Amino acid sequence: MKADDDSYEVKLLSTELELDTFTYNGIDSNTKTEFPSVEDAINTEKDGCWAWIVCAAAFCDLFVVLGMHYSVGVLYAALLDHFRESKAKTAWVGSIAQFCLFFFCYPGSLLSKRFGCRRVVIVGGLITSLGLFLSSFVNSLYFIYLTHGVLVGFGTSISYLPALVMVAYYFDKKRSFATGIATCGSNLGALGLAPLQQVIVDSLGWRNCYRFLSGLALIITICGILFKPLEEKKTGQYKLGKPSEGIEIKSSKQKGLSFPRNKWFIIWAAASTVATFGYFIPHVHLVRYAEEMGSSHRDGSLLLSYLAAGSGVGKIIFGKISDIPRVNTLTLYNFCMVLSGLSPLIAIFAAGYKMLVVYVVVLGFLDGCIIGLMSIVTFECAGRDAMSEAWGGVLMIQSCSMLVGAPAAGWLGEITGNYRNSFVMAGAPTVIGAFILSLVHCIKDPVIESQQKKSLVIPRDEKEMIFVYDWLTVV
């Protein structure tokens with residue numbers, strides 16, 4: 001069996017023989033490299049003690065990186081009170097940071113392939129810490145656009161995906177479980193950092209809160225130090241080097257920097273871009289909205305914690321549901337998008353704080369599907385051949401709509417004189433995006449259909465299925 005570009009070949013063995021090797025042709029077509037067998041992997045560092053240290057480091061990395069982004073509403077309210085600027089102008093701080101977080105994910109992955117995940121994460125942690133520290137001294141909101149928006153956004157972006165990539169490198173048997181543990185760091189980060197930042201802002205001021213976050217961001221650098229490159233030990237004819245080598249060849253030699261152009265991916269890219277327009281609106285505006293309804297600063301910041309807790313539960317539940325063979329992931333995702341788009345109605349018609357709690361719990365639970373299954377939907381719409389390029393491309397496109405969502409919601413609240421109208425923008429785009437995504441059920445995609453036939457079943461076990469691109473795909 002050969003790929004279309006003849007850059008690799010897969011050698012199948014009969015059912016009477018052991019699964020021995022995958023044969024891979026590298027850049028030099030005269031040189032053959034044999035992947036170690038499943039038995040050889042036991043003798044490597046994968047799934048070992050250090051792998052769990054890497055998993056813990058990735059957990060702490062995401063705790064800080066996404067915890068700060070998800071709890072930005074606390075600093076938003078403080079900056080709004082201090083600078084006395086409009087809600088729209090102040091919202092640009094968090095929006096620029098969130099734009100950079102997703103926009104630079106794909107360039108960050110290229111940097112990781114060039115310089116290694118360890119170096120990139122270390123530098124990312126230092127840039128993040130510097131940006132937060134400089135933000136504590138500025139006297140103009142426009143300078144915070146640069147220090148918090150650009151520097152913190154870029155630093156956290158190049159520290160985000162490499163952490164998940166390192167977990168994927170270090171685990172084989174328990175990769176999904178380890179990745180799940182690592183990604184829980186983002187939810188627990190928002191759960192803990194939102195009330196903690198509110199306490200610091202109330203007692204020491206927003207400038208000292210920035211300095212606290214600057215020190216906390218150095219944890220990212222420590223995590224990066226723990227991400228040592230993985231080298232597998234030689235037990236056969238070949239010593240497998242860094243896993244990134246195979247991935248780099250696939251993405252740079254075979255596909256370059258081009259993104260998929262099949263029908264389903266184009267529909268998915270358009271749908272997700274529209275839907276994510278309002279994604280960060282609740283994260284930015286909820287705290288101030290609760291305060292204007294008469295709640296305390298502390299109660300407002302707790303809404304972000306409830307949102308994170310609901311999202312964590314949702315990721316687990318929807319992940320289990322999606323694994324059920326009879327469940328169509330695209331249909332499930334579509335259904336949750338509609339419900340998520342309708343959930344802001346609870347906030348719009350809320351009569352008090354308790355209804356806001358109901359809103360964030362419902363929104364968070366559905367967010368567990370929207371975010372937790374986003375990579376799976378990308379996989380199904382782009383195919384395994386183009387997963388790396390598709391995932392990076394989707395994040396870059398989504399970042400553009402995220403950039404303007406929160407400021408636009410603040411602007412709408414100001415011109416209408418009612419802050420609750422801002423949450424219309426948090427829901428309507430998601431419903432429109434769900435409608436666009438539903439088109440995949442009406443259109444056949446020859447690219448996806450052909451790739452579905454490339455799944456390779458090796459009958460060592462009745463239920464065992466191995467995909468030939470497992471070594472060459474980063475999810």
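I took helices to be DSSP runs of H or I of at least four residues, numbered from the N terminus. The model is a predicted one, in which local features need pLDDT of at least 70 and side-chain atom pairs count only at pLDDT 80 or more, while totals for chains, interfaces and linings use all residues. Residues are numbered from 1 along each chain as its sequence is written, and side-chain values use heavy atoms, with hydrogens and water left out.

I then listed the buried residues (under 20% relative accessible area, 1.4 Å probe, protein chains only) of helix H5, residues 105-115, and found Cys105, Tyr106, Gly108, Ser109, Ser112 and Lys113. Seen down the axis of H5, they fall within an arc of 155°, taken from the directions from the helix axis to the C-beta atoms, so they line one face of the helix.

Next I looked at helix H6, residues 117-135, which packs against H7 at an angle of about 155° with the axes 8 Å apart; the axes are lines fitted to C-alpha atoms over the stretch in contact, and angles run from 0 to 180 degrees between N-to-C directions. H6 and H7 are therefore roughly antiparallel, a term for angles over 145 degrees.

Key
Buried means under 20% relative accessible area, exposed over 50%, partly exposed in between (1.4 Å probe, protein chains only). Helices (H or I, at least four residues) and strands (E, at least two) are DSSP runs, numbered from the N terminus. Angles under 35 degrees count as roughly parallel, over 145 as roughly antiparallel, 65 to 115 as roughly perpendicular and the rest as oblique.
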